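I opened a new model today and kept notes as I went. These are my entries, in the order I looked things up.

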Amino acid sequence: MKDYAIVGSGVGGSSIAALLNAKGFDVALFEKEPYLGGCSSTFMHKGYKYNTGATTLAGYEEGHTVKEVFDAIGVKPNLIQTDPSIVIMQNNKTTPRYKDFDAFFEAVNLNYPHQNNEEFWKLVYDINKDFYTMKDYYYANENSFKKIKSLFSFFPLFMKFSKYLTVNALNFTEKSLPELGEEYLDFLQAQIYIVAQAPMKEINFLTAALSLGYTFNTNHYVVGGFETLFNEMTKDIKDVYTKAEIVQIVQKETHFELHTKNEIFQAKKVILNSTVYDSAKLFTKDTIKNYYKKYEKLNNYQSSFMLYMTIKSDKKFFHHYQLIQNAQLKNTLSKAVFVSFSDVSDTQITKEGHYSITASIHTDSRFWEDTQNYKDQKEELQSLVQGVIMQSLGISEEEIVQSFSATSKTFEHYLNRSQLGGNAMSMKNFLPFLPGNDTPIKNLYNVGDSVYAAQGWPGVMLGVKNLQRLLGV
Ligand SMILES: Cc1cc2nc3c(=O)[nH]c(=O)nc-3n(C[C@H](O)[C@H](O)[C@H](O)COP(=O)(O)OP(=O)(O)OC[C@H]3O[C@@H](n4cnc5c(N)ncnc54)[C@H](O)[C@@H]3O)c2cc1C
């Protein structure tokens, strides 16, 4: 019998499996797909490789959780620092998000002049620097007593940022930058949306500042694609089962039974990396089903439309662009397309002289439920997104080697989830209402972007560290 069975090999599942394995526990990691990493994986399509979703690695620097966890597992990733982290293009304006405050400020103030710019951006910068010095808070949700006790650990953080935690981001920004205009607001909104997964009107200013300011931290490009991180993280785990979907979990007196289509495994403890919205169906017992059903209402149906391209080009590109349009594209929720290019020297992910491109735009999974029009709808959006990229970045038809798209339905088919980006960091999703890494069910735990703390590598890794603490290992 295993000490731990981890269901799903996303950022959360693979990291906690590797941490527990490094501590000497007997673990088994189950992944439905042939490759590890979930939304942060790398896949092959007709001879060319692509990052599935995630393309930027934040948090690999001293004092940040991603590095702490990698160090604890003994992973030394092969990375290239990206500076600027993103190049933002809107109308005729190009704003590189440099790490250095002065370099970035010069660009933003030139493109979006405002008399309060310096004060506003300095505040964003300072909040970011201060936030990552705060440690030692944790979140438990096994029962009310443990939850309340854990909430006290946020007291220093609350005291330090109370002014920004309780104020709406849109109101605060409009007060700080009076009459900032639609273009500048779109510029801010687009950057916030990709981190907070919610519009400014739904979040507090602390979340907005952390979203706007993550580019002041060190960001990295992962050489060879994100799969290299997962291969590295899990290389010492003996029992990694791919193409092994867990279809049912039965709670027994002393352990759990995990069923794939063909086999049954036993484990003392189970850690789920499937989303809380999709986990009820795995269980036979009503108490566990009801626990997960309680959180289905957190599913906001937010998802991504993806465009994957390989181009053969001798042009030079930055790693990441955000291309802000003046209107939302049809069947999307945003005005901005996020586009990532492989590094020109990275021949692990694509052939010399080629670029592997992963592009995304927010959508609603319910837009893709009409099976009759699905194909046309998908082709239409693929052509719109591709057009935006080609026009903004000067890519010609002849340079395109391969191009195809994916919707929330594709994610559902491959990764068992159509909602992407986890729980929006909105004021409505206030911490005490969020599912934790522990549960009221003995020996059953959660990890990933639909539970504490948030989405993306830094958010999920905070949850991994939190889970490690709750497990007492
Ligand atoms: C388009 C897009 C772009 C993004 N860009 C970035 C970025 O640039 N930087 C960043 O840091 N983050 C980014 N993110 C967010 C980041 O990718 C996710 O928050 C993170 O990867 C989620 O990790 P997770 O632990 O929740 O696992 P998931 O990615 O949800 O993986 C869960 C895994 O569990 C498997 N699974 C599910 N059910 C079962 C089962 N029953 N049995 C076996 N296996 C199962 C799935 O197949 C999947 O592999 C992006 C996300 C998207 C969608």
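**Pocket, cavity, cores and pairs**

I began with the second largest pocket: 27 residues line it, and K297, L298, N299, K428 and N429 lie nearest its centre. I note that this is a predicted model, where local features need pLDDT of at least 70, side-chain atom pairs count only at pLDDT 80 or more, and totals for chains, interfaces and linings use all residues. Residues are numbered from 1 along each chain as its sequence is written, and side-chain values use heavy atoms, with hydrogens and water left out.

On a 1 Å grid over the protein atoms alone, a pocket is an open set of points with protein on both sides within 12 Å along at least five of seven lines; in a cavity a 1.4 Å probe fits but cannot get out; lining residues have an atom within 4 Å of a point. A volume is the space filled by probe spheres set on the points, which are joined across faces, edges and corners.

The second largest pocket has a volume of about 450 Å³. I sorted its lining into 10 nonpolar, nine polar and eight charged residues. Here Ala, Val, Leu, Ile, Met, Phe, Trp, Tyr, Cys and Pro count as nonpolar, Asp, Glu, Lys and Arg as charged, and the others, Gly among them, as polar.

I found one cavity of 30 Å³ or more. The largest cavity has a volume of about 100 Å³. Its lining has 13 residues, with N51, T55, Y221, F341 and S342 closest to the centre. What classes make up this lining? I count six nonpolar, seven polar and no charged residues. β17 (354–364) gives the largest share of the lining, three residues. Strands (E, at least two residues) and helices (H or I, at least four) are DSSP runs, numbered from the N terminus.

Then I turned to the cores. A nonpolar core is a set of buried Ala, Val, Leu, Ile, Met, Phe, Trp, Tyr and Cys residues joined through side-chain atoms within 4.5 Å. The largest has 76 residues, of which W121, L188 and I249 touch the most other members. Another core lies apart from it, with 34 residues, including L20, F70, V222 and F230. I also checked W121: beyond its neighbours within four places in sequence, its contacts (heavy atoms within 4.5 Å) include F101, Y184 and L212.

I looked up N466 in helix α14 (residues 456–471). Is N466 buried or exposed? N466 counts as buried because its relative accessibility is 3%; the cut-offs are under 20% for buried and over 50% for exposed, with partly exposed in between (1.4 Å probe, protein chains only). Leaving aside neighbours within four places, N466 is in contact with Y138, Y139, N437 and Y452.

Last came the salt bridges, each a side-chain nitrogen of Lys or Arg within 4 Å of a carboxyl oxygen of Asp or Glu. The structure holds 19 of them. One joins K93 and E183 (2.9 Å, N to O). K93 sits in strand β8 (residues 93–96) and E183 in helix α8 (residues 181–196), 90 residues apart. K93 is buried at 18%, whereas E183 is partly exposed at 26%. Another joins K330 and E380 (3.3 Å, N to O). K330 lies in a loop between β15 and β16 and E380 in helix α12, so this pair ties together parts 50 residues apart in sequence.
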